[in-house]
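Hello,

Here is the structure I promised to hand over to you. Have a look at it first, and then read on for what was found.

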Amino acid sequence: MANKIPRVPVREQDPKVRATNFEEVCHGYDLEEAVLEASRCLHCKNPRCMNACPVSVHIPDFIAALHERDLQKASDVIAQDSSLPSICGRVCPQETQCEGSCVLGIKGEAVAIGKLERFVGDWKLNHGAKTVNDTPKNGHKIAIIGSGPSGLACASDLAKWGYEVKIFEALHKVGGVLVYGIPEFRLPKDRIVAREVEEVKSLGVEIETDVIVGRTVTIDSLMDEEGYEAVFIGSGAGLPRFMNIPGENLNGVVSANEFLTRTNLMHAYDPNYDTPIYVGQKVVVVGGGNVAMDAVRTAKRLGADSVIVYRRGEEELPARKEEVHHAKQEGIEFRMLTNPVEVLGDEKGWVRGIRCVEMELGEPDASGRRSPIVKEGSEFDMECDVVIMALGTMPNPMLAHSTEGLETNRKGCLVATEEGATTRKGVFAGGDAVTGAATVILAMGAGRKAAKAIDEYIKSK
């Protein structure tokens, strides 16, 4: 029976080798491996995997086509619901979504849905039929703010339905967090991100870079002067959080956001670029999410001894288990149940260490995780010369401040309905700008919901 076949392992770079380079860690499946893994799917009558996918990809259908070696059909099935399969196959937390709902995973190992999606997406980029959008234009203009996952997903659906869609991106490259936040060794920029963006553009989506909405133009001017009938805000959450502890203003303390942007977007890891970056000899990264893993693994590749400091235990780490596993393989040190209370500096104003306290876990808090409590008398110092704060991010307040009627909550996130309608008529929002920092696939799901709401809004006018 198909479910007796063990999950096909995926080939990866040797940990000792990859810890010194920025080449992709996971090599992915070849055709025979992908077909064999596809044969494990039970094709359930009630596909729980599909219900758990935020963009509702028809997972059993694309896997069936892959098993039959009809790769164009598999690609076409995915394309109905996602324009970014190569990206999603690499960075989505499948273990808590599609694969986490797979029936095979109850008593064994789930089908490697993410690796199969990646294989089909990569095949499409290299061998698939050119994307063509034959839908006639309907005469309605929609503006999208931000070219990250939510903006690209929203734009794709609207373009397929005949809308004239234009994305306004603040940076000089398209992709949002996909280009500035996720390292090259997890998500190649030119080979994957840029090419999947081209797939979106082939649907008829126009993209303009170096436009800061709220400064270069405003939402009001887009709607009142340029004729856009609706606006979708998918500007993400790029404003870093800090701990507000003594010493955070010392030289050598940076946000993970800045550190990763310098490395990923500005190629600080590449000697052919002049982007300055400082890693010192020993780096401490504060936090336990995927961004913290990206930062600490990047610091390791740049030559520093790298340590994760996290105030809860390993079971509570919010990062993907795969990322934690890869980090440990690469020699990253984990200091669990440890919380910084002060960054220590030298007489010249540079970081020389970090003062921490040991923690223990108490009763669960509102998030369901056990609350960390300080152990009395447990204070100790760690030597380091760089501290990277990976404590989450908030949306930039510029858009809300420059747009009358656009409300935010106490965390600075835009107030929006489940469908993406904000408090300003004709303005919709989704992704991290509404939820705060979350995942690529959740942002895409929000973008698709908002696209549907925009379509209904335009048709009801």
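Let's begin with a β-α-β unit: E10, helix H14 (residues 321-329) and E11 form one that is right-handed. Right-handed here means that, with the strands pointing away from the viewer, the path from the first strand over the helix to the second runs clockwise. The labels come from DSSP runs, numbered from the N terminus: helices are H or I with at least four residues, and strands are E with at least two.

Before going further, please note that this is a predicted model, where local features need pLDDT of at least 70, side-chain atom pairs count only at pLDDT 80 or more, and totals for chains, interfaces and linings use all residues. Residues are numbered from 1 along each chain as its sequence is written, and side-chain values use heavy atoms, with hydrogens and water left out.

E10 runs parallel to strand E11 (residues 333-335), and three bridges join them (strands pair if DSSP finds at least two bridges between them). Val307 has Glu333 in E11 as its bridge partner.

On to strand E9 (residues 282-286): five bridges join E9 to E10, again in parallel. The chain gets from E9 to E10 through helix H13 (residues 290-301), in a right-handed β-α-β crossover. Opposite Asp305 in E10 stands Lys282.

Why is E10 (residues 305-309) largely enclosed by the rest of the structure? Four of its five residues are buried (under 20% relative accessible area, with a 1.4 Å probe and protein chains only).

Finally, find Asp455 in helix H17 (residues 440-460). Asp455 is buried, at 12% relative accessible area. Leaving aside neighbours within four places in sequence, Asp455 is in contact (heavy atoms within 4.5 Å) with Trp161 and Tyr163.

Best wishes

Methods
Buried means under 20% relative accessible area, exposed over 50%, partly exposed in between (1.4 Å probe, protein chains only).
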